[in-house]
Amino acid sequence: MFRASRTAALVLSLAALVLPFGAGAAQAEPLPENYNFFAGIPNELANPGGSLPGANDFGCKPTAEHPRPVVLVHGTGGGQQTNWGAYVPMLKNAGFCVFALTYGAIPGAPWPISAIGGMGPLENSAGEFKTFVDRVRSATGAKTVDVVGHSQGTLIPTYYLKHLGGEGTITNYVSVAPPWLGLTTLGVNALPAYAARLGVPETSIPVCQGCGQMTADSDLIKKINAGGTPYVKGVNYTNISTRYDEAIALSQGQVQGPAGYTVNNIVVQDTCAQDYSEHAAIAGSKRAAYMVFNALDPAHRREVPCMFVPPFTG
């Protein structure tokens, strides 16, 4: 009897030791959420060229509640950490498998230059995106992914869908400050014609070869809009824009879809006059982030707060 009691006590003691590290450990602490466009920069400084906590876990398996991994696609000059400090923790805490890449970095550049993406020709960047999506789909077993793109990060997946065999691999496509019809601000739409007169390609702009390709009259924008629309049938599109965007005119991003296409256009000021976000802040504000969340997970919608959103930081 004494031996049996001692054995039972030992089992209970071991259980008490194991449970905090077993059942308790399965419930990881939520990641801190910081809604600010610059929220990811400290992570890049602490972990150069790495991934944000919660991102790029290729062992992550989608759940029935969130069956598709989310791929985040940064804008010009951004990167997988610097562009998405507000988004990775929000999505990971909600149970999504979250992935982000840095595309279009200058080949062979040392850090911190290597952390600046979106510099290369957009066709090449779309190829990098394709490789990344193929890896995500293979690792997670997901047939399709959802995409959140900011600025240039809107065009890259579209080129992949239309010209690199990506059709049927994206379900929800959420674009923050999208330049669907190309840039027209500050007269940059004249660059392609100027380059043609000089006899040089649109990708001849030093350092940022892809910048000339994003202008309204570029050959690449024409390819993006092949067939009279930037959209692909079967994809659910949500476009989130701001009236204070200094880089992209509202009409370039709020593009209607033809009959049979699913397109939801949102202007952040239409629901809150206190939102002064511009091209950067819209990718960091809690308001826009919750709009993105609702587009990805309409079954668990969050109330989008009306709050003061300052420019540049969000």
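So, keep in mind this is a predicted model. I'd like to start at Leu 72. If you skip the neighbours within four places in sequence, Leu 72 is in contact with Trp 84, Tyr 87, Val 88, Leu 91, Val 98, Phe 99, Ala 100, Leu 101 and Val 148. Some of those names come back when you look at the largest nonpolar core, which has 64 residues. Within that core, the members touching the most others are Leu 72, Tyr 87, Leu 91, Phe 129 and Val 148. And which helix gives the most to this core? That's H9, residues 286–296, with eight residues.

Let me zoom out for a second. The chain has nine helices and six strands. There are 314 residues, and 48% of them count as buried. If you take contacts between residues at least 6 apart in sequence, 77% of those join residues at least 24 apart.

Residues 152–163 make up H5, and H4 covers 122–140. For H4 and H5, the angle is about 75 degrees and the axes are 8 Å apart. That makes H4 roughly perpendicular to H5, since anything from 65 to 115 degrees gets that label. By class, the contact has nine nonpolar, two polar and two charged residues. On the H4 side you've got Leu 122, Glu 123, Ser 125, Ala 126, Phe 129, Lys 130 and Val 133, and they meet Gln 152, Leu 155, Ile 156, Pro 157, Tyr 159 and Tyr 160 on the H5 side.

At 1.5 Å a residue, the twelve residues of H5 should span 16 Å, and the end C-alpha atoms are 17 Å apart, which agrees.

Is H5 largely enclosed or open, then? Ten of its twelve residues are buried, so H5 is largely enclosed by the rest of the structure. The buried ones run from Gln 152, Gly 153, Thr 154, Leu 155 and Ile 156 on to Pro 157, Thr 158, Tyr 159, Tyr 160 and Leu 161. What do they pack against? Quite a list: strand S1 (70–73), H4, strand S3 (145–150), strand S4 (170–176), helix H7 (219–224) and strand S5 (236–241). Just after H5, Gly 165 takes a positive phi of about 75 degrees.

Thr 154 sits in H5, and its relative accessible area is 0%, so it's buried. Apart from residues up to four places away in sequence, Thr 154 touches Gly 149, Tyr 173, Ser 175, Val 176, Pro 178, Pro 179 and Trp 180.

Follow that to Val 176, which is in strand S4. Val 176 is buried too, at 1% relative accessible area. Beyond its sequence neighbours within four places, Val 176 contacts Tyr 87, Val 148, Gly 149, His 150, Ser 151, Thr 154, Ile 240, Ile 282, Ala 283 and Val 292.

Among the residues Val 145 touches are Arg 68, Pro 69, Val 71, Val 133 and Val 136.

As a rule, most residues other than glycine have a negative phi, and most peptide bonds are trans. What is the peptide bond from Trp 111 to Pro 112? It's cis, with omega near 10 degrees. Pro 112 lies in the loop between strand S2 (98–101) and H4. Then Ala 177 has a positive phi of about 55 degrees, and it's not a glycine. You'll find Ala 177 in the loop between S4 and helix H6 (191–198), and at 2% relative accessibility it counts as buried. Phe 312 also has a positive phi, near 75 degrees. Phe 312 is in the segment after H9, and it's exposed, at 52% relative accessible area.

That's my tour, thanks.

Terms used
Residues numbered from 1 in each chain as written. Predicted model: local features only at pLDDT ≥ 70, side-chain atom pairs only at ≥ 80, totals over all residues. Heavy atoms only, no water. Core = buried A, V, L, I, M, F, W, Y, C linked by side-chain atoms within 4.5 Å. Buried < 20%, exposed > 50% of the residue type's maximum accessible area, 1.4 Å probe, protein only. Helix = DSSP H or I, 4+ residues; strand = E, 2+ residues; numbered from the N terminus. Contact = heavy atoms within 4.5 Å. Axes fitted to C-alpha atoms, helices over the stretch in contact; angles between N-to-C directions. Parallel < 35°, antiparallel > 145°, perpendicular 65-115°, else oblique. Nonpolar A, V, L, I, M, F, W, Y, C, P; charged D, E, K, R; others polar. Expected span 1.5 Å × (residues − 1).
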